[in-house]
Amino acid sequence: MKNNFEENLQNALLKFGINFQKLDEQKRRYFCNAFTHSSYSNEHKNLESYQYLEFLGDSVLGFVVSDFIFDNYKNFGEGKATKLKSEIVDKNALGFLSRYYGFPNCLRTGKSAFANGKGIKSDSDLIESFIGACYKACGLEFTKEIIYHFIDKILKKFHNSINEHPKTKLQELVQSNWGCRPRYEDQALNNGKFESKVFINNNLYGEGIGQSKKESQTKAANDALKKMAKI
């Protein structure tokens with residue numbers, strides 16, 4: 001009889017044409033580990049967490065995305081190609097994918113999990129650990145097809161935001177994840193510059209100083225986006 005973890009995992013993997021029940025024991029273990037938080041493995045010493053698979057998946061993802069950009073954006077040059085790659089592998093974009101496919105619902109966690117709150121990074125980690133498990137269980141060619149599918153999803157969702165203003169990008173992200181809008185507080189400094197702070201649910205997320213309110217708010221939004229990607 002399947003437990004809830006295996007049932008959720010089976011349903012998630014079927015979206016990618018992977019039948020968990022038909023995999024051999026080692027391949028099933030890869031996918032189980034990919035959705036095991038360190039708090040759970042700490043409580044069950046015979047199990048491994050997703051962290052090592054995340055390390056592998058991060059490298060595979062980076063390679064495949066670079067190869068995809070090289071083949072499909074031949075006129076970009078190194079600078080624009082690097083920017084596009086950073087947008088595709090961005091923690092916010094990967095977190096969107098993770099939630100879209102219901103990966104957080106598959107994660108098994110221990111009692112101490114997310115004691116300090118759950119952030120975007122924990123969702124994006126699951127995409128990378130899943131990619132690592134796919135690579136080990138199904139091989140590179142199969143994994144590349146899944147990553148191409150991910151790239152397509154990300155470009156359709158975030159393509160217009162690649163050069164999007166940081167304030168707009170932050171607002172869309174906050175509304176998507178928290179259901180509210182970021183709030184800015186501005187202060188004129190004695191040197192003629194402005195200082196802005198951006199709050200989400202009354203928590204300070206970013207700060208910036210500029211020659212105008214527009215510039216200081218833009219810098220504050222950028223600061224918030226960088227901090228949110230590290231949570």
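Colleague: How far apart do the C-alpha centres of domain 1 and domain 2 lie?

Modeller: The C-alpha centres of the two domains lie 29 Å apart. Domain 1 covers 5–164 and domain 2 covers 166–229; such bounds come from an automatic or database domain assignment. Please note that this is a predicted model, in which local features need pLDDT of at least 70 and side-chain atom pairs count only at pLDDT 80 or more, while totals for chains, interfaces and linings use all residues. Residues are numbered from 1 along each chain as its sequence is written, and side-chain values use heavy atoms, with hydrogens and water left out.

Colleague: How many residues of each domain are in contact?

Modeller: In domain 1, 7 residues are in contact with 8 residues of domain 2, where contact means heavy atoms within 4.5 Å. Domain 1 and domain 2 bury about 770 Å² between them, and 46% of that is on carbon and sulfur atoms. Buried area here is the accessible area (1.4 Å probe) that two parts lose on being put together, summed over both.

Colleague: A change of topic: where does UniProt place the feature "binding site"?

Modeller: The unreviewed UniProt entry places it at Glu54, Asp125 and Glu128. These residues are spread over 75 residues of sequence, yet they cluster in space, with a largest C-alpha distance of 6.3 Å. UniProt positions are given in the numbering used here, feature names are shortened, and annotations may be inferred rather than shown by experiment.

Colleague: Is Asp125 buried or exposed?

Modeller: Asp125 counts as buried because its relative accessibility is 6%. Buried means under 20% relative accessible area, exposed over 50%, and partly exposed in between (1.4 Å probe, protein chains only). Asp125 is placed in helix α7 (residues 120–138). Not counting residues up to four places away in sequence, Asp125 touches Tyr50, Glu54 and Lys91.

Colleague: What about Glu128, which residues does it touch?

Modeller: Leaving aside residues up to four places away in sequence, Glu128 touches several residues, including Glu54, Lys91 and Leu94. Glu128 also lies in helix α7, and its relative accessibility of 2% makes it buried.

Colleague: Which side chain meets that of Glu128 in a salt bridge?

Modeller: The side chain of Lys91 does, at 3.4 Å from N to O. Lys91 lies in helix α6 (residues 91–100) and Glu128 in helix α7, so the pair ties together parts that are 37 residues apart in sequence. Both residues of this pair, Lys91 and Glu128, are buried.

Colleague: Why can such side chains pair?

Modeller: Side chains of opposite charge can pair when their charged atoms come close.

Colleague: How many salt bridges does the structure hold?

Modeller: The structure holds 8 salt bridges. One of them joins Lys219 and Glu215, whose closest N and O atoms are 3.2 Å apart. Lys219 and Glu215 are 4 residues apart in helix α10 (residues 213–230), so about one helical turn separates them. Lys219 is partly exposed, at 39% relative accessibility, and Glu215 is partly exposed too, with a relative accessible area of 30%.

Note on methods:
Helix = DSSP H or I, 4+ residues; strand = E, 2+ residues; numbered from the N terminus. Salt bridge = Lys/Arg side-chain N within 4 Å of Asp/Glu carboxyl O.
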